[in-house]
Amino acid sequence: MTTAAIIVAAGRGTRAGGDLPKQWQALGGARVIDWTIAAFAAVPEVAQTVVVLHPDDMDRIAPRKGLTTVEGGASRSESVRNGLESLAESGVTRVLIHDAARCCIRPALIARVLDTLAEGALAAAPAVAVSDALWQGDGKTVTGTQDRTGLYRAQTPQGFDFDTILAAHRAHDGEAADDVEVARMAGIDVQIVEGDESNLKITTPGDFARAERILRDMDIRIGTGFDVHRFGEGDHVVLCGVAVPHTRGLQGHSDADVGMHALTDAIYGALAEGDIGRHFPPTDPQWKGAESHIFLRHAVTLAGEKGYKINNLDVTLVCERPKITPHAPAMQAALADITGLATDRISVKATTSERLGFTGREEGIAAQAAVTLVPK
């Protein structure tokens with residue numbers, strides 16, 4: 001299945017106050033819409049994101065790999081339809097439709113919607129059951145009560161089989177509260193997915209402060225790592241889990257996999273958990289000659305125990321020889337097996353130091369790595 005996300009951001013949002021529509025207002029060091037886009041970028045299954053914008057706002061977001069923009073219409077339904085039509089020939093099989101103002105969306109909620117679609121539902125949407133008592137009123141006094149049994153507060157992203165919701169929108173005439181209403185009018189059953197209280201929609205001025213508190217709790221982490229190993233006797237080097245033929249080997253207490261060591265340290269760094277030496281002391285003989293996947297698996301497991309998962313990783317190997325590019329796909333596959341990431345979220349690349357320094361003199365190999373951790 002190929003999944004796309006449509007982020008609806010063509011409204012003006014005047015109730016939120018401010019000089020700009022709410023999606024363009026600052027929140028926690030970024031714009032509201034930037035948080036929303038980043039949340040979907042953190043979900044491996046989402047291959048493409050379409051942002052639907054007001055015609056006056058088309059220059060506010062620059063299209064890039066995996067992200068396109070389209071003009072919205074006079075109503076929300078028309079804007080969503082424009083987004084769907086832009087994907088009509090793309091081969092997308094599932095689509096998530098989300099309000100830009102719900103910038104606190106968590107990857108776990110997106111995953112729940114996708115899991116429900118994967119189980120065979122044509123439509124799935126998150127909601128939170130109403131728990132408060134409901135009153136009727138005239139603006140000043142209570143005039144009656146409303147039974148809350150079976151009532152839910154609707155949220156987004158609302159997920160659909162792509163062809164099904166496209167056909168429903170093409171047949172729909174007029175406005176609708178959301179895409180669930182469009183689907184139901186077309187006779188499509190919509191499965192309810194457990195929503196998230198933190199998935200608020202910014203509507204009034206006070207919501208910005210609430211959203212900022214939630215985003216602080218989401219705590220995305222970034223870590224970097226660096227490692228060096230010298231050449232010695234041998235007929236191969238192990239780099240990112242792959243044995244690469246060479247006229248010399250790398251020397252170290254373990255298997256001297258410089259790439260995997262840098263990556264492991266990057267994960268530990270993002271978690272503020274020190275480095276490999278803290279968890280696997282080189283003075284401990286049990287780790288003599290150990291394969292480095294042991295260290296990396298430990299770091300990945302530790303991240304999970306602390307409530308994080310790896311979003312993406314990037315490893316750069318610095319050497320004159322051996323040549324890395326022919327082996328990079330195998331290295332990506334090896335790292336994918338250990339981390340559980342898709343290979344399109346794993347970068348392995350190489351550079352030389354232009355014959356400068358110890359790598360330029362072919363005395364050893366260096367590696368640097370970066371990772372991003374997001375809450376599970």
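Modeller: A salt bridge here is a side-chain nitrogen of Lys or Arg within 4 Å of a carboxyl oxygen of Asp or Glu. By that rule the count comes to 18 salt bridges. Keep in mind that this is a predicted model, where local features need pLDDT of at least 70 and side-chain atom pairs count only at pLDDT 80 or more, while totals for chains, interfaces and linings use all residues. Residues are numbered from 1 along each chain as its sequence is written, and side-chain values use heavy atoms, with hydrogens and water left out.

Biologist: What makes Asp34 and Arg31 a salt bridge?

Modeller: Their side chains meet at 3.0 Å, N to O, and the rule asks for within 4 Å.

Biologist: And why is Asp34 called partly exposed?

Modeller: Buried means under 20% relative accessible area, exposed means over 50%, and partly exposed is in between, using a 1.4 Å probe and protein chains only. Asp34 has 27%, so it counts as partly exposed. Arg31, with 24%, is therefore partly exposed too.

Biologist: What about Arg170 and Glu85?

Modeller: Those side chains form a salt bridge at 2.8 Å, N to O. The pair links distant parts of the chain, 85 residues apart: Arg170 sits in helix H4 (residues 162–171) and Glu85 in helix H2 (residues 76–86). Helices here are DSSP runs of H or I with at least four residues, strands are E runs of at least two, and both are numbered from the N terminus.

Biologist: Why is Arg170 called exposed?

Modeller: Its relative accessibility is 51%, so Arg170 counts as exposed. Glu85 comes in at 34%, so the label there is partly exposed.

Biologist: How do you know that Arg106 and Asp196 tie together separate parts of the sequence?

Modeller: Their salt bridge is 3.4 Å, N to O. Arg106 lies in the loop between strand S6 (94–99) and helix H3 (107–118), and Asp196 in the loop between strand S12 (191–194) and helix H6 (206–218), so the pair ties together parts 90 residues apart. Asp196 is at 17%, so it is buried, whereas Arg106 at 23% is partly exposed. Elsewhere, salt bridges that share partners join Arg76, Asp99, Asp179 and Lys201 into one network.

Biologist: One last thing: why is Ile37 called buried?

Modeller: Ile37 has a relative accessible area of 7%, so it is buried. Ile37 is in helix H1 (residues 32–41). Leaving aside neighbours within four places in sequence, Ile37 is in contact with Ile7, Val51, Ile61, Arg64 and Leu67. Glu362, at 11%, is therefore also buried.

Technical notes
Contact means heavy atoms within 4.5 Å.
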